[in-house]
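Hi everyone, thanks for coming.

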Amino acid sequence: MKLDTSGLESAAPVWGAPSELVDGFSAAPSFEVPNTTDFDGFQKEAIQMVKPAKGTTTLAFIFKEGVMVAADSRASMGGYISSQSVKKIIEINPYMLGTMAGGAADCQFWHRNLGIKCRLHELANKRRISVTGASKLLANILYSYRGMGLSVGTMIAGWDETGPGLYYVDSEGGRLKGMRFSVGSGSPYAYGVLDNGYRYDMSVEEAAELARRAIYHATFRDGASGGVASVYYVGPNGWKKLSGDDVGELHYKYYPVMPSTVEQEMVEVAAA
Amino acid sequence: MARYDRAITVFSPDGHLFQVEYALEAVRKGNAAVGVRGTDIVVLGVEKKSAAKLQDSRSVRKIVNLDDHIALACAGLKADARVLINRARIECQSHRLTVEDPVTVEYITRYIAGLQQKYTQSGGVRPFGLSTLIVGFDPYSGVPSLYQTDPSGTFSAWKANATGRNSNSIREFLEKNYKETSGQETIKLAIRALLEVVESGGKNIEVAVMTKEGLRQLDEAEIDAIAAEIEAEKEAVEAAKKAPPKEK
């Protein structure tokens, strides 16, 4: 499969031939036909293969003070929990975060690639790239690989000149701007808590608590989410990791066990 | 195909790229163009050769926009200019599409200069025979800029500059008379500079003004009025020079 090295090449294509009269845009990306026995159905196979891996809960929302980003840390393959300590919040650069849902390798690689592109933009233009621009770069790349089996459901959160920014970008090539997003198999549960408790004027602590609670409740009900609930805050000076709590321990905080009156005490039987 | 591989722009034994220097000659023969940057405005002025009677002068616009907030004037081969301007316009839109932001003046200048440089280092092509003056406002900071590119592909920012015919005299004039101005004063300075080498009158100059709101072409009557003002000021200065010796 052709690797996207467009970030490393200069803008216009090299020439020689007279066909450059039509030039302006670089040629549309071409791709090789996949080498499978079942050309029409292989995509479904690819999606099925990756499906369990979207087992995750990530969320992000914009509030008065900035952007709050949170995620769990469980990776599962079917019924097998392959890891409880996956970093699902990826640090693109000191003022932008990306979340991981879908194929772990795909997310990690393309977020790193996006980080490269953002840095090159900074160097060339002497100013930071906007969250809008960064998310657009990623969305365009993912769109050009549409149908080739990438599985990426990510949120790009950051703070730029225009304030806090949050975009949802996926491997279908979709890109949405919004105030609240949750992605992954645990997202319905997270949305329930998030939508219920959300207020625009929250303090950083309140927002962090809301994010943490939403992740916890998603991990409680969704088998494919669990591990550690990480919460990050993105403010005018960049992102900061606020907490990383084991959801098992959060359980006792949110569902404290009430001491109940004992109905029948067990007594030791006297040794015969 | 092999025939197009041979480069035309090659080094001479003493390190010159003659094709590029000849391209600069072509620029020197082109119409004079001047650009002046003020605090809140940038002005472009271009010498207009008297139009043939039957020619529709509106189709020969010398100052064009590349985007809402960026304009360009050039000196040299006009056909080359058309090609370069089209590529720049596409790039402005392409940038808006990929990063959802308008280009900065520096970015598009860098792009145009990069294009001009590519043509000095490719097989089967000759350099573009024009230098451009690019003006505009930064979409965020609102700071006005003036840049110049030339056939070699170098570019730099200027407070005021001229290119084309007699550009040296215009530049000398600007160096002597430039000061930070705004609004009408900047327009006057640009026209005064151009009038150093061009016959006076709105018929022979095309002037466009770029403000935060966009590009505005001045019409003949306006230019005539300002030219008249300049004439009057010149005469007043002459008169003042002659007056003191008479007083006793």
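**Salt bridges, burial and overall shape**

Let's begin with A:D72 and A:K88, whose side chains meet in a salt bridge at 3.0 Å, N to O. A salt bridge here means a side-chain nitrogen of Lys or Arg within 4 Å of a carboxyl oxygen of Asp or Glu. This pair links distant parts of the chain, 16 residues apart: A:D72 sits in the loop between β2 (66-71) and β3 (75-77) of chain A, and A:K88 in the loop between β4 (80-83) and β5 (89-93) of chain A. The helix and strand names are DSSP runs numbered from the N terminus, with helices being H or I of at least four residues and strands being E of at least two.

Before I go on, a word on the source: this is a predicted model, where local features need pLDDT of at least 70 and side-chain atom pairs count only at pLDDT 80 or more, while totals for chains, interfaces and linings use all residues. Residues are numbered from 1 along each chain as its sequence is written, chains are lettered from A and ligands numbered from 1 in the order in which they are written, and side-chain values use heavy atoms, leaving out hydrogens and water.

Are A:D72 and A:K88 buried or exposed? A:D72 counts as buried because its relative accessibility is 1%, and A:K88 counts as buried at 5%. The cut-offs are under 20% relative accessible area for buried, over 50% for exposed, and partly exposed in between, with a 1.4 Å probe and protein chains only.

Now, which residue does B:E100 meet in a salt bridge? The partner is A:R175, at 2.7 Å, N to O. B:E100 lies in the loop between α2 (78-99) and α3 (105-118) of chain B, and A:R175 in strand β9 (residues 175-177) of chain A, so this pair joins two chains. B:E100 is partly exposed at 35% relative accessibility, and A:R175 is partly exposed at 22%.

Staying with chain B, B:D80 forms a salt bridge with B:R126, and their closest N and O atoms are 2.8 Å apart. B:D80 belongs to helix α2 of chain B and B:R126 to the loop between α3 and β5 (130-137) of chain B, so the pair ties together parts that are 46 residues apart in sequence. Here B:D80 counts as buried at 10% relative accessibility, whereas B:R126 is partly exposed at 42%.

Some salt bridges join up: A:E209, A:R212, A:D245 and A:K253 are linked in a network. Over all chains, the count comes to 25 salt bridges.

Next, where is A:M100? Look in the loop between β6 (96-99) and α2 (104-125) of chain A. A:M100 is buried, with a relative accessible area of 4%. Leaving aside residues up to four places away in sequence, A:M100 touches several others, including A:T56, A:V86, A:C107 and A:G153; contact means heavy atoms within 4.5 Å.

Finally, let's step back to chain B, which has six helices and 10 strands. Its C-alpha trace spans about 80 × 45 × 40 Å along the principal axes. Buried residues make up 48% of the 248 residues in chain B. Among its contacts between residues at least 6 apart in sequence, 65% join residues at least 24 apart.
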